[in-house]
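Subject: Handover of a structure, with notes

Dear colleague,

Please find the structure below, followed by an account of what was found in it. Kindly keep it open while you read.

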Amino acid sequence: MNRTLPVASNLGVSRRAFLKFCALTASLLALPPGAAAILADSLSRARRLPVVWLSFQECTGCTESLTRSSAPSIERLLFELISLDYSHLLQAAAGAAAEQAREESLAANHGRLLLVVDGSVPTALGGACSTIAGEDNLSLLARCLEAAEAVLAVGTCAAFGGLPAAAPNPTGAMGIAELMAHGLAPRRPLINLPGCPPIPEAMSAVLAHRVAFGRFPELDAQGRPLAFYGETVHDRCSRRGHYEAGHFAKSFDDAGARAGWCLLELGCKGPATRNACSTLRWNGASNPVESGHPCLGCSEAGFWDRGSFYAPLAAPAAAAPEPQARRGAAVYDRNCASCHGSAPGGLATPADEVPALLQSGKVRAHRFSLEDGDMQALLDYLKEAR
């Protein structure tokens with residue numbers, strides 16, 4: 001199948017509209033000046049990315065959210081950027097034909113397809129809690145990961161377990177990262193896009209970045225794109241001025257609430273929640289805080305079990321340092337696994353020589369920079385793996 005992107009004009013899209021779309025996408029991804037032109041050129045030449053989308057314990061909200069994307073739109077995403085070979089919600093095929101389409105894609109695109117997962121994966125009762133065409137979710141996930149170059153965990157359920165993993169978690173629900181950490185799923189480079197559901201443009205822009213540049217945008221220690229999760233909801237909140245001035249609403253119907261005062265004392269979790277709600281807004285119009293409701297912290301791990309949504313945040317405690325081994329594994333997964341495989345033991349370069357190689361810039365695939373802490377964590381991880 002020819003997966004080459006059609007020229008925009010062949011689809012009835014003017015060059016002006018196409019460049020406007022590229023400029024908006026580059027802006028959303030916090031790319032440097034001039035990146036829009038590079039993005040436009042790359043997208044005009046790129047081949048459509050084969051995608052298999054698996055839905056497990058979920059509510060369909062994540063896929064529904066994607067259909068509201070405007071940069072790029074769902075139409076442009078499906079017909080120009082990716083080849084969505086399997087999706088419960090969006091595919092036309094059903095039954096055996098749908099399962100056949102997935103298996104054909106896994107075979108034809110082995111090692112280069114992108115696996116997208118929404119929903120948590122149940123591990124209790126031998127997989128009996130959720131099956132697709134008679135196959136339990138964990139087994140299907142493992143088979144698809146074997147064929148994938150990377151996995152995109154869409155939504156808080158896929159990223160951290162979400163609502164299905166809330167106490168007492170009768171299905172043993174886990175997110176993709178936890179499954180990999182426990183050895184229950186093959187390790188692959190992982191990109192987390194938490195949110196209940198995620199902002200549409202966070203999903204579509206990350207896919208556009210992968211198609212255009214052959215890699216994913218810069219990620220944080222939890223595998224989240226910094227362009228969308230680098231700041232808290234509080235950092236750019238429209239009510240931030242009232243917070244700084246000490247103006248806090250005391251109830252949902254008092255004069256302060258009607259005047260747009262800060263909702264911190266009504267339980268807002270914005271200061272502890274990393275997401276782009278305050279800058280992108282939903283459907284380009286608003287977000288929960290602007291609409292008068294406290295942030296629930298839905299893009300953070302375990303948000304459902306952190307007590308009442310309307311209880312004020314406790315005073316911040318000092319964050320425990322991230323275990324060095326886990327940090328090193330995360331650095332390796334983000335930057336190295338796509339080229340060298342999920343197990344670092346086969347690297348030809350001795351571990352002690354890796355920092356100098358990365359800093360030399362001599363090898364094109366290794367032209368990325370790491371902070372000193374990440375570099376040391378990676379070095380320790382590689383030595384331990386040897």
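How many of the 386 residues of the chain, as a percentage, count as buried? The share is 48%, where buried stands for a relative accessible area under 20%, exposed for over 50%, and partly exposed for values in between (1.4 Å probe, protein chains only).

Before the details, two remarks on method are needed. This is a predicted model, in which local features need pLDDT of at least 70 and side-chain atom pairs count only at pLDDT 80 or more, while totals for chains, interfaces and linings use all residues. Residues are numbered from 1 along each chain as its sequence is written, and side-chain values use heavy atoms, with hydrogens and water left out.

**Confidence and overall make-up**

The predictor's confidence in each residue is given as pLDDT, on a scale from 0 to 100. Its mean over the chain is 83, and 80% of the residues reach 70 or more. Where pLDDT is low, the predicted coordinates should not be read in detail.

The chain has 17 helices and 7 strands. These are DSSP runs numbered from the N terminus: helices are H or I with at least four residues, and strands are E with at least two. Of the contacts in the chain between residues at least 6 apart in sequence, 75% join residues at least 24 apart.

Helix α9 has 14 residues and spans 20 Å from its first C-alpha to its last, close to the 20 Å expected at 1.5 Å a residue; the expected span is 1.5 Å times one less than the number of residues. Because 13 of its 14 residues are buried, α9 is largely enclosed by the rest of the structure. His209 belongs to this helix, which covers residues 200-213. With a relative accessible area of 2%, His209 is buried. Its side chain reaches the backbone oxygen of Arg215 at 2.9 Å. After α9 comes Gly214, with a positive phi near 75°.

**Aromatic rings**

Rings of Phe, Tyr and Trp (its six-membered ring) pair if their centres lie within 6.5 Å; planes under 30 degrees apart count as stacked, over 60 as edge-to-face and the rest as tilted. By this rule the count is 5 aromatic pairs. One of them joins Phe303 and Phe309: the centres are 6.3 Å apart and the planes are at 10°, so this pair is stacked. Trp304 and Phe309 have centres 5.5 Å apart and planes at 80°, and therefore form an edge-to-face pair.

Trp304, at 43%, is partly exposed.

Elsewhere, Arg102 lies over the face of Tyr86, at 5.0 Å from the ring centre. A charge sits over a ring if NZ of Lys or CZ of Arg is within 6 Å of the ring centre and within 35 degrees of the ring normal.

**Backbone details in the loops**

The peptide bond from Ala167 to Pro168 is cis, with omega near 10°, and Pro168 is placed in the loop between α7 and α8 (176-181). Another cis peptide bond joins Cys196 and Pro197, with omega about 0°; Pro197 lies in the loop between β7 (190-193) and α9.

Thr60 has a positive phi, near 75°, although this residue is not glycine. Thr60 is in the loop between β1 (49-55) and α3 (61-66) and is partly exposed at 26% relative accessibility. Ala133 likewise has a positive phi, near 55°. This residue is in the loop between β4 (131-132) and β5 (135-136) and counts as exposed, at 67%.

**Lys383**

Lys383 is part of helix α17 (residues 372-385) and is partly exposed, at 42% relative accessibility. Leaving aside neighbours within four places in sequence, Lys383 is in contact with Ala351 and Asp352. Lys383 and Ala351 are 32 residues apart in sequence and 5.9 Å apart in space, C-alpha to C-alpha.

Yours sincerely

How values were computed. Polar contact = N/O pair within 3.5 Å; in protein donor to acceptor, adjacent residues only side chain to side chain. Contact = heavy atoms within 4.5 Å.
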